[in-house]
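Morning, everyone. Please have the viewer open, and follow along as I talk.

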Amino acid sequence: MEVLKEKVEEEEAAEREEAAERAERGEKTKKPTEVRREETTLTQEMLRDLERKLSEIEVSVPEKLLTFTKDTIDTSKLPLSYQSNTLKEEHLLQVADNFSCQYSHLCPDRVPLFLHPLNECEVPKFVSTTIRPTLMPYPELYNWDTCAQFVSDFLSMVPLPDPLKPPLYLYSSTTVLKYQKGNCFDFSTLLCSMLIGAGYDAYCVNGYGSQDLCLMDLTREVCPLTLKPKETVKEEEKAPPKKYAIKPPRDLTSRFEQQQEVKRQEAIKAEEENRRKQEEARLLEQENAKTDPLHGLRVHSWVLVLSGKREVPESFFIDPFTAHSYSTQDDHFLGIESLWNHKNYWVNMQDCWNCCKELVFDLGDPVRWEYLLLGTDKPFLSLTEEEDEGMNDDDDVEKLGKEDEDKSFDMPPSWVEQIEISPEAFETRCPNGKKVIQYKRAKLEKWAPYLNNNGLVCRLTTYEDLECTKTLEVKEWYQNREDMLELKHINKITGLNVDYFKPGHPQALRMHSYKSMQPEMDRVMEFYETARVDGLIKREETPKTMTEYYQGRPDFLSYRHVNFGPRMKKLALNSAESNPRPMVKITERFFRNPAKPADEDVAERVFLIAEERIQLRYHCRSDHITANKREFLRRMEVDSKGNKIIMTSDMCISFEVEPMEHTKKLLYQYEAMMKLKNEEKLSRHQAWESELEVLEILKLREEEEEAHTLTISIYDTKRNEKSKEYREAMERVLHEEHLRQVEAQLDYLAPFLAQLPPGEKLTRWQAVRLKDECLNDFKQRLIDKANLIQARFEKETQELQKKQQWYQENQVTLTPEDEDLYLSYCSQAMFRIRILEQRLSRHKELAPLKYLALEEKLYKDPRLVELLKVFV
Amino acid sequence: MNRLYDMEPRVMDDEMLKLAVGQQGPQEEAGQLAKQEGIPFKDVLSLQLDFQNILRIDNLWQFESLRKLQLDNNIIEKIEGLENLTHLVWLDLSFNNIEAIEGLDTLVNLEDLSLFNNRISKIDSLDALVKLQVLSLGNNHIGNMMNIIYLRRFKALRTLSLSGNPVAENEDYKMFICAYLPDLVYLDFRRLDDHMKELAEMKHQYSIDELKHRENLMQAQLEDEQARREELEEHKAAFVEQLNGTFLFDSMYAEDMEGSKLSNLPGVGELLETYPSGQPTPQAVHPPRQLQPSLTASFTYKDKFVIICLNIFEYGLKQQEKRKAELETFMECVQEAIQENQEQGKLKIAKFEEKHLLSLNAIREESELSNIETKIVEHSEDITALLNVLMTLEMQLVEQLEETINMFERNIIDLVGLFVENVQSLYPFLEDPLGRHSCLARPWLNSGCTMAQCRDLENHHHEKLLEIAINILEKMVKGEMDEDLPDDLRSLFIDKDTIVNAVGASHDIHLLKIDNREDELVTRVNSWCTHLLDKIHKDEIMRNRKRVKEINQYIDHVQSELDSLEYGDLLD
């Protein structure tokens with residue numbers, strides 16, 4: 001160490017001469033042991049300087065965000081490792097100072113390194129030791145995306161005190177978690193700790209970001225929830241034409257005309273495209289009009305995840321504020337000063353003229369990345385021999401890293417306490433369980449589950465304009481609703497509400513879209529058809545019609561469409577009853593029933609109720625292009641003689657592809673018509689039932705909306721009152737059991753032993769007497785008990801007899817109430833007597849056994865066993 | 001049995017049947033209609049003719065779709081006249097005077113047969129009733145237990161009644177039935193419990209095991225037979241049946257008296273291999289792979305001949321596969337084309353139908369006469385347009401299919417031609433890729449794979465035989481013959497002409513056989529080809545006609561709808 005220091009000093013002395021403007025800095029690094037103090041003063045100096053500058057700029061930051069300062073933190077209760085440095089840490093700080101001073105010597109025009117900020121106890125701590133790799137006990141936190149989302153939700157963001165400089169303080173993650181506030185460095189330190197704990201190759205990065213990034217300003221980002229997932233168009237693979245495939249008919253249209261047409265279309269399209277692009281560019285310009293004067297100077301910290309571990313295919317950045325991942329080429333990241341993990345610290349030696357786009361994240365390459373500590377693993381030493389050799393000649397850089405003393409030196413363990421997140425905090429997530437994010441034309445609000453008593457967990461409001469004044473639509477996500485409501489989508493312009501449900505709604509509802517909850521209005525309901533007996537998939541309603549779609553029914557019904565006519569004038573008398581609208585037309589369609597031949601299998605039937613007509617269309621046979629049709633006129637007519645005409649040939653008009661003999665028969669037609677009549681009745685009934693069901697569902701929905709009860713999992717021990725009660729009851733029972741056990745271990749000899757003089761050994765005589773006394777006593781007790789029961793029994797019997805006597809004497813004069821009273825008394829008394837009887841007999845049975853048991857116990861009693869042995 | 005013959009037997013005439021049908025047919029309003037129209041016998045599903053004193057079953061041939069027939073409580077003596085009632089499921093002939101079960105051979109759908117209270121003494125002639133579930137034979141004269149074993153063949157039989165027969169008096173009766181008919185559930189209207197079945201099985205275990213063994217053997221034999229027949233069918237379809245063994249060779253010698261005599265000559269036996277004269281050996285399939293290539297030189301005439309036959313056989317099977325694949329592809333493509341065309345047609349019709357309905361309604365609601373007329377004209381134009389469109393589609397399909405069919409025809413004729421030529425060896429076998437493959441794979445076989453080579457082989461053999469015969473004749477003339485020849489053989493060696501004639505006759509017979517086999521193969525393959533093509537053409541023509549008829553019918557219907565509307569309007 002000494003030698004090297006001297007060496008550096010010499011060098012610096014030499015350099016001082018040639019670079020006058022750098023002299024000041026050289027002085028400061030002259031005595032590296034004192035550098036730390038000096039540097040802090042220097043930074044304070046600079047701070048003052050900056051403060052002055054800042055007062056000129058002064059970004060308008062809300063006041064309350066700045067409250068997270070040292071004053072609010074109670075440092076007295078923090079553990080010792082927070083308040084002081086170990087020897088090893090001291091040593092590390094020395095090394096870091098040395099490194100920093102060499103660095104500033106070699107790269108005088110670069111900003112000083114962010115190496116050892118103060119912690120909450122004003123103790124300088126090296127940044128790598130602030131990272132405390134921890135694997136969280138929550139499965140959700142095992143992957144980087146959910147982990148980052150958690151960090152961004154859990155902490156609220158505080159801007160850096162000076163947006164152009166790294167902070168002076170870097171608090172431990174435990175403190176940050178406790179207060180749920182932090183700047184970008186706090187965010188990335190915590191996220192990095194969790195990611196490294198989960199096995200990722202993650203690094204904290206100190207660099208420069210765009211204004212949006214640094215201030216967590218998402219107003220220019222499109223909300224990810226509003227983006228529609230891109231539909232992947234699957235190209236169907238065309239089977240190669242078969243050998244005997246028919247040739248298409250000759251195309252007789254003009255090729256030239258086609259070409260001209262195509263050209264014309266293309267021209268139009270190109271023009272449109274052009275216009276669209278221009279429009280877009282204009283819009284974009286408008287949006288990006290405000291340029292940042294501090295562009296490229298704003299300090300930011302984020303997380304770099306390198307490929308290799310945990311099957312990460314490509315390195316990427318995570319912005320800890322928003323939890324978004326970016327590629328390393330992203331425009332938001334404008335440069336990197338240094339990066340570190342829990343083991344080492346690397347300084348970027350590459351030029352960031354083109355943001356981070358050309359950086360190579362090969363940390364094993366000492367030309368690109370200058371490392372602080374040697375001897376720790378170099379993750380990406382992928383250099384060729386040549387480059388290695390070429391580097392060895394480069395003594396300038398070499399000197400920095402190759403300090404022999406440091407070779408064996410590795411990073412001391414983290415000074416930070418174990419990072420812990422309580423389950424409550426984990427579930428509540430955001431500070432106070434609520435978080436609002438403003439996106440471009442959208443606002444996202446999040447709540448912790450069970451925070452809102454209607455189960456609302458997330459609300460996305462989309463606006464028409466950038467100023468967010470005109471609401472376009474609102475999407476609300478719910479959780480733990482008893483009615484299984486999952487998402488409510490309200491379109492403010494059309495007034496259309498769409499509710500989505502998870503499986504498990506009592507009416508198997510999947511989706512419900514409506515404008516008003518009034519019946520007989522436009523609405524669509526979709527169902528989980530497997531949960532329904534009738535296989536209903538969807539029911540669409542307009543004021544005049546109702547359409548239902550079915551699937552998987554044994555009668556192959558697939559579709560029913562009902563047209564309603566205007567409601568009849570209601571009679572005043574039966575106003576209480578429902579007055580269904582008259583049905584004008586019912587159309588039903590059926591799937592093909594494979595058990596029937598196609599020309600006997602009805603495909604569609606139309607009941608024209610008003611016209612008393614029934615139209616049938618049959619399925620088409622596989623080798624035909626036309627299908628059978630049949631039309632029945634149901635008009636009842638009377639012939640000239642006044643007889644009812646049952647069936648005539650003009651009541652059934654049919655078209656048959658292959659005319660059949662038996663279908664011409666009137667009898668056949670008559671039977672078919674009778675059957676259809678019945679089925680018409682059935683269909684009308686079913687349609688009526690559907691209407692009723694709609695009413696029922698609407699009522700149910702209204703009730704559910706009103707009640708909005710939440711379900712609580714039986715595994716949720718905190719919230720589930722019932723299980724809590726049960727558990728408490730169980731605990732109580734256990735406790736009582738325990739008490740009883742304690743009681744059972746009572747010493748039955750204790751009262752008798754107490755009579756004897758204490759501290760003396762028992763003689764045999766005494767022992768025998770003791771035993772006898774004990775047994776006698778027990779016998780007496782048993783007899784007493786028997787007597788007691790007997791006495792009670794007798795008393796009860798006597799009373800009953802008296803009462804009976806009284807009853808017989810006064811039977812005539814008794815009121816019915818008195819009689820009732822007497823009777824109930826009798827039955828109770830009888831019950832008591834019976835119980836006493838039973839107890840007595842039981843006692844008689846058990847008493848000798850109990851006596852014998854005690855005797856045996858006494859013989860085996862350790863205090864008496866020696867003395868009583870003879871008698872056994 | 002103790003029927004009172006106080007009433008005269010009645011004849012089942014038309015009147016009786018009509019009455020029964022009328023009484024048992026539809027009632028009330030439907031009945032009036034039925035009466036008005038009359039019910040054809042062939043539509044009747046169930047018929048009840050009990051207590052009619054019928055002596056002879058007759059006149060039932062019209063009831064083709066009858067499912068249930070009740071003829072109980074008559075005085076029928078013979079089961080007859082039921083041949084046409086093939087859909088019959090339920091037949092009740094109880095309380096008659098039937099003595100033998102007969103005339104039920106066509107009632108394959110019968111499930112429930114009641115012959116209660118008759119005079120039957122033997123259960124048989126029920127073989128055709130494979131679906132039989134309920135058989136009632138109580139109060140008959142069945143006396144032999146062995147009748148029950150006959151019932152084992154009815155796998156679906158669940159209910160049987162035999163009480164009131166002499167068999168039922170046997171004390172072992174129930175046990176015996178339980179043991180031999182384990183699938184039976186109800187016997188004499190009582191359920192058989194499992195315990196009983198177990199007991200019965202234990203009791204009769206040995207005899208049943210034996211019976212089962214025999215039945216299994218029979219079954220296996222039947223299956224074998226079936227498999228062999230199927231294989232032969234397959235070979236026949238490939239036109240190379242019985243070429244996978246010595247069959248052709250054996251048949252060559254089967255009718256050849258001289259040949260079999262000559263084979264006893266010294267030296268000829270080796271030439272022929274140990275060949276049992278006159279008796280065709282059971283077909284032995286020698287796959288050529290079993291023969292070692294190094295043995296080529298020592299192949300006898302028979303071996304070589306059989307190898308050639310086997311080659312032809314294999315080649316035939318391969319060609320058959322090829323033809324099959326070709327046919328399948330063709331059929332698939334044609335089906336697809338027709339399907340597609342039909343879809344188009346359906347679409348057109350569906351579109352038209354919508355329009356049709358609308359314009360019909362419009363005409364109906366139109367009040368002005370001139371407007372009606374213009375609308376009607378417009379609509380009939382639409383109908384013509386539809387007709388044209390549909391017809392164009394059909395014509396287009398016909399053209400396309402014709403082209404495809406012609407292509408297929410060319411290809412299949414080529415295939416067949418190639419097969420025939422290769423078998424006849426008009427072309428060297430090597431030209432065929434398949435043949436080349438087999439020749440390359442087994443170079444020791446390229447000595448012969450065709451009928452022509454068979455003939456060459458035969459000629460060669462003939463020369464050798466002639467040589468031997470003449471040698472022997474010379475020896476005999478010189479008196480150097482040291483072996484004794486059988487007398488009938490010696491009689492051939494009278495002079496040179498006789499022996500040469502004999503050898504020649506044998507040779508001629510052999511050649512004839514080979515020629516016959518070849519001719520058979522060629523004719524059959526050609527006729528198959530012609531039939532196939534004929535059928536395809538005919539089917540296509542039929543399809544076309546049907547479609548044209550369908551289209552015309554539809555157009556007529558639509559037109560008539562329009563016309564009726566016109567008349568209606570005119571009447572109004």
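This is a predicted model: local features need pLDDT of at least 70, side-chain atom pairs count only at pLDDT 80 or more; totals for chains, interfaces and linings use all residues.

What does its secondary structure come to? Chain B has 572 residues, and 42% of them count as buried.

Now look at contacts inside chain B. Take those between residues at least 6 apart in sequence. Of these, 60% join residues at least 24 apart.

Next, the interface. How many residues does each chain bring to the contact? Chain B brings 38 and chain A brings 31. The area buried between chain B and chain A is about 3,300 Å². Carbon and sulfur atoms give 59% of that buried area.

How many salt bridges are there between chain B and chain A? The count is two. One of them joins D623(A) and K546(B). Their closest N and O atoms are 3.0 Å apart. Why might such a pair form? Side chains of opposite charge can pair when their charged atoms come close.

There are polar contacts across the interface of chain B and chain A as well: seven residue pairs. Which elements of chain B supply at least two residues each to the side that touches chain A? They are α2 (28-37), α10 (301-365), α11 (369-424) and α15 (496-571). The largest share comes from α10(B), with twelve residues. Sort that side of chain B by class, and you get 15 nonpolar, twelve polar and eleven charged residues.

Let's move to single residues. Find N118(B). It is in the loop between β4 (112-114) and β5 (134-136) of chain B. Is N118(B) buried or exposed? N118(B) counts as buried, because its relative accessibility is 0%. Now follow its side chain. A polar atom there lies 3.1 Å from the backbone nitrogen of I98(B). The N118(B) side chain also reaches the backbone oxygen of L115(B), at 3.0 Å. Put together, the side chain of N118(B) meets a backbone nitrogen and a backbone oxygen.

Back to salt bridges. Over all chains, the count comes to 66.

Go to chain A first. E656(A) pairs with R630(A), with the closest N and O atoms 2.4 Å apart. E656(A) lies in the loop between β27 (652-655) and α16 (666-707) of chain A, and R630(A) lies in strand β24 of chain A, so the pair ties together parts that are 26 residues apart in sequence. Are the partners buried or exposed? E656(A) counts as buried, at 9% relative accessibility. R630(A) counts as buried too, at 7%.

Now over to chain B. The side chains of K203(B) and D172(B) meet in a salt bridge, 3.0 Å from N to O. K203(B) lies in helix α5 of chain B, and D172(B) lies in the loop between β6 (159-161) and α4 (173-180), so this pair ties together parts 31 residues apart in sequence. K203(B) counts as exposed, at 54% relative accessibility. D172(B), on the other hand, is buried, at 17%.

K346(B) forms a salt bridge with E343(B), and the closest N and O atoms are 3.8 Å apart. How far apart are the two along helix α10 of chain B? K346(B) and E343(B) are separated by about one helical turn, because they are three residues apart in that helix. K346(B) is partly exposed, with a relative accessible area of 25%. E343(B) is partly exposed as well, with 42%.

Salt bridges can also link up. In chain A there is a network of them, and its members include R532(A), D534(A), R539(A) and E548(A).

Last stop: Q424(B), in helix α11 of chain B. Q424(B) is buried, with a relative accessible area of 19%; the cut-off for buried is under 20%. Which residues does Q424(B) touch, leaving out those up to four places away in sequence? It touches A452(B), E518(B) and V522(B). Now compare sequence and space for Q424(B) and M451(B). They are 27 residues apart in sequence, and 5.3 Å apart from C-alpha to C-alpha.

Notes:
Residues are numbered from 1 along each chain as its sequence is written. Chains are lettered from A and ligands numbered from 1 in the order in which they are written. Side-chain values use heavy atoms; hydrogens and water are left out. Contact means heavy atoms within 4.5 Å. Buried area is the accessible area (1.4 Å probe) that two parts lose on being put together, summed over both. A salt bridge is a side-chain nitrogen of Lys or Arg within 4 Å of a carboxyl oxygen of Asp or Glu. A polar contact is a pair of N or O atoms within 3.5 Å; within protein, one must be able to donate a hydrogen and the other to accept it, and residues adjacent in sequence count only if both atoms are side-chain atoms. Helices (H or I, at least four residues) and strands (E, at least two) are DSSP runs, numbered from the N terminus. Ala, Val, Leu, Ile, Met, Phe, Trp, Tyr, Cys and Pro count as nonpolar, Asp, Glu, Lys and Arg as charged, and the others, Gly among them, as polar. Buried means under 20% relative accessible area, exposed over 50%, partly exposed in between (1.4 Å probe, protein chains only).
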